[in-house]
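Here are some notes for a colleague who is opening this model for the first time. Please read them with the structure in view.

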Amino acid sequence: MTPNWFSRKRNDDLSPTVPCGPDKAGPQEEERPAPQEVSGGPGGADPGRPGSVTAGPRAVAAGGNINGSALGENSTVNQFFLPVELVREVSWPLLMGAPPPLASSFQPRSELRERLAAARDAGTGAVLTQARPAAAGVLSGMGGVGKSQLAAQYAHQALAEGTELVMWVPAGESTQIITLFGQAALRVRAVGATGEDPEQDARMFLEWLATTSRSWLVVLDDISDVEAVRPWWPPLRPGTGFTLATTRLHDPRLTGGGRVRIDVDVYTPEEACAYLSERVVGDGGGHLLDGREGELARALGYLPLAMGHAAAYLLAEEISCADYLERLGDRTLRLEDVLPEWTDTESYQRQVTAGLLLSLAAAEQAGPVGVITQLVRMLALMAADGHPESLWTSPSVTTFLTTARGLDREQPTTEEEVVHALRILRRYALITIDPHSPLRQIRMHALTARAVRETTPTSSQANLAITAADALEDAWPPADVPRDVAHAMRTNTIALRHHAEQHLWTGGVHPVIFLLGFSLRAGGLHQDAHDHWLTTAELAAHNFGADNVFALNARSQLAASYHDLGRHHEALTIHETVRTDIERVLGPDHPAALTARANLATAYLDLGRHLDALTLQKTVLADTERLAGPEHRNTLHARANLAAVYRALGRQHDALSLGESVLADRERLSGPEHPDTLHARANLAATYRTLGRPHDARALEESVLADRERLLGPEHPDTLHVRGNLATTYSDLGRNDDALTLQRAVLADRERLLGPEHPDTLQARANLAATYTDLGRYDDALLLGEAVLADRQRLLGAEHPDTLHVRANLAVTYSGLGRQLEALALEEAVCSDTERLLGPEHPNTLHARANLAVTYRDLGRYDDALTLQEAVLADSERLLGAEHPDTLQARTNLAAIHRSTGRHHNTDRMRRKQP
């Protein structure tokens, strides 16, 4: 039997989309269109502010995402390279993370170490926590009892004794654990670790711990959320590995899974006095000890952290214990009103806060006048796992400090003064500075930060929070690249929102809130982005009203997040209301109104409403050219999106003309590696493929794939899109084995990253099923194809173009299995629906009629087959050209029908027409 007309797989690019930057309007090819942000006030765009379509930051990434919209005209995209861990040899023993250095004169606390050794020898994990009060006079508290110091001492000892892997993990948030576990997986070369998906790499590290013969110690320091940590507990490995955790929690869940709680109490009076004496004398301060050490230790509640602060204060200020006690007494009286309600005034918290503020007062005297206090209050708003030092040398911070200090503008606070102030804070043990971790260089202990926040005057909190947010905004990388910088910005912005959310909504929405949302989308963190925009939209509507531009912008971004999650009907509903509201509030010619219409056109395209999308997108392009000019980025977006609609409608030559001009303009205006340029190249490749130029498509797609893997990582949604398209191109070139390998990988990644029902996942399954058919693996194709058809009918409807594709491909599979009557029924229905919905000259309609003609021939209905195939050939030659692959296939199929009827002279005539 002559093979059927090849079944055109629906490519990833057949639902064109735009880059996911906030100002991306309307659909583009393979890059799913991402609704744009609403522009700022009625006067036009406000660069750098949420709602702007001209300047903003997912500078943490590239690949046409939302933060791409935040780029200015002269922005660049930075390159980064594979982690060194992927290429260098493992050198044992290995230390991961940064255990804190042992405090000078730290007391051995032998009893606790013996209990810890017993837990290790029993093969259980250990959890260090503060002791519960056992009797009157025993002080208890939330932290600072030396848990981390004890764990650090244990870690250093393990290294000294030859433990092959020692790992120190700040465990305040699960993201910290995932990040370090993922890095460790690379360092130890765990099987399955890639360096691109931290969570997957973290799981591979746990598997490595469970199977390795090497000795290891993992310390989870400062657990604050039991449920968040639960999936990341290392396995029990008696004799090989040991897990040590510290926490302030008294939660019975921490003792499950073979773990044993070891309560850590404050120093005994003897230990406290020994520490104070050894620390002060060891640093040349013996003359400061005046016999009142025991009284001072008692006043400090024997708390190790407080003892450390007090000793540092004695040495820095050259004062005696008696003098310190006098000052401590005065400060205590003033601090009682600002202690947290849940804190017992007899607990160590009172002493820690007093000691902290005494050190802060000394630091203020030692540092630049008026800088230390303001700076430390802003530091306390950042994430506990650290942030870049450069945040505090930004113009926003130095300008704020100049005003706060009452200085003349002609003698402003300098960057050098800020750096000096940071060094003073390190000297007084208020922060740590790690020059080897530039993105986490400055760290403040969570307890210290909390104490600072609790004692910050209410009148100062708003300005401090806004200035910290300004610093983050200034530091946010264009296009969310490099990724690690963007991750650091997101982590610290999340912390700032947690500590000072209300102040970021004063007089409007601070841009950093929108930058965070753009960055989450740009990084492919679609569910996190959805949650962020849902909350932001609700807050904006509550604070400013539903018609406020911030509320409208947030709703538009929420719709974009629904698009990313494949929830197109929900996206459409929001886009329709946003368009109506913006045109009513701002007028139809406002840039935000153009964006809203473009986003609505994208939603129409997602749902297969191609003619609605065409009508709307044409008006968007005309209006944008009229209002912004032919070379404005929004105009280029509109042209690219119109090209995508043309592709969906089968108007490939129109799509080609637009696509080539857009690519040329973007390369000229933005550079070859800008996210918009990569989108244009990927979209042009899709057009080449539909025009029967698979070699040109392959060259472009392989280039885009390499760039996206380098800039975004191999698991970013944009990277998966182009990889899926390349697999389809391989299939068109007859490289079915290569296509199969690539499609299997894409499907696995999409199922894991996007979920089993995301439209992109369904597309990957449909393409894999079509490749199985090409390879003659009809049973595999049938199983997969029928499942995809059921899902698409349920999620998209029976008449969506994607559903029609699957029905057409399934008919080809039926034919390959010899189930001709079932193939006939399905193909006749597909022909009818495709012609009605897409028109008689759409390429998909030609494909459906061609497949039906072959089925007629297989059933012996030669006259019907001949009539239909001759019409297909004529239309293909007229619409696609004589040398298009579809036309060549139509001519081959017609020749096969002639042979079946014994009309060999017609067969020879057809062969002679082959180019």
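1. The second largest pocket holds about 420 Å³ of space. A pocket here is an open set of points on a 1 Å grid over the protein atoms alone, where a 1.4 Å probe fits and protein lies on both sides within 12 Å along at least five of seven lines; the volume is the space filled by probe spheres set on the points, which are joined across faces, edges and corners.

2. This is a predicted model, in which local features need pLDDT of at least 70 and side-chain atom pairs count only at pLDDT 80 or more, while totals for chains, interfaces and linings use all residues. Residues are numbered from 1 along each chain as its sequence is written, and side-chain values use heavy atoms, with hydrogens and water left out.

3. The lining of the second largest pocket, meaning residues with an atom within 4 Å of a point, comprises 21 residues, and Leu 611, Leu 649, Gly 650, Leu 838 and His 842 are those nearest its centre. At least two lining residues come from each of α22 (610-628), α24 (652-670), α32 (820-838) and α33 (843-858), and α22 gives the largest share, four residues. Helices are DSSP runs of H or I with at least four residues, and strands are runs of E with at least two, numbered from the N terminus.

4. By residue type, this lining has 10 nonpolar, six polar and five charged members. Ala, Val, Leu, Ile, Met, Phe, Trp, Tyr, Cys and Pro count as nonpolar, Asp, Glu, Lys and Arg as charged, and the others, Gly among them, as polar.

5. How do α34 and α35 pack? Helix α34 (residues 862-879) and helix α35 (residues 885-900) have axes 9 Å apart and pack at about 155 degrees, which makes α34 roughly antiparallel to α35, a term for angles over 145 degrees. Axes are lines fitted to C-alpha atoms, for helices over the stretch in contact, and angles run from 0 to 180 degrees between N-to-C directions.

6. Two backbone details deserve a look. Trp 92 and Pro 93 are joined by a cis peptide bond with omega of about -5 degrees, and Pro 93 lies in the segment before β1 (94-96). Arg 189, although not a glycine, has a positive phi of about 60 degrees and sits in the loop between α3 (174-187) and α4 (198-211). Most residues other than glycine have a negative phi, and most peptide bonds are trans.

How values were computed:
Parallel < 35°, antiparallel > 145°, perpendicular 65-115°, else oblique.
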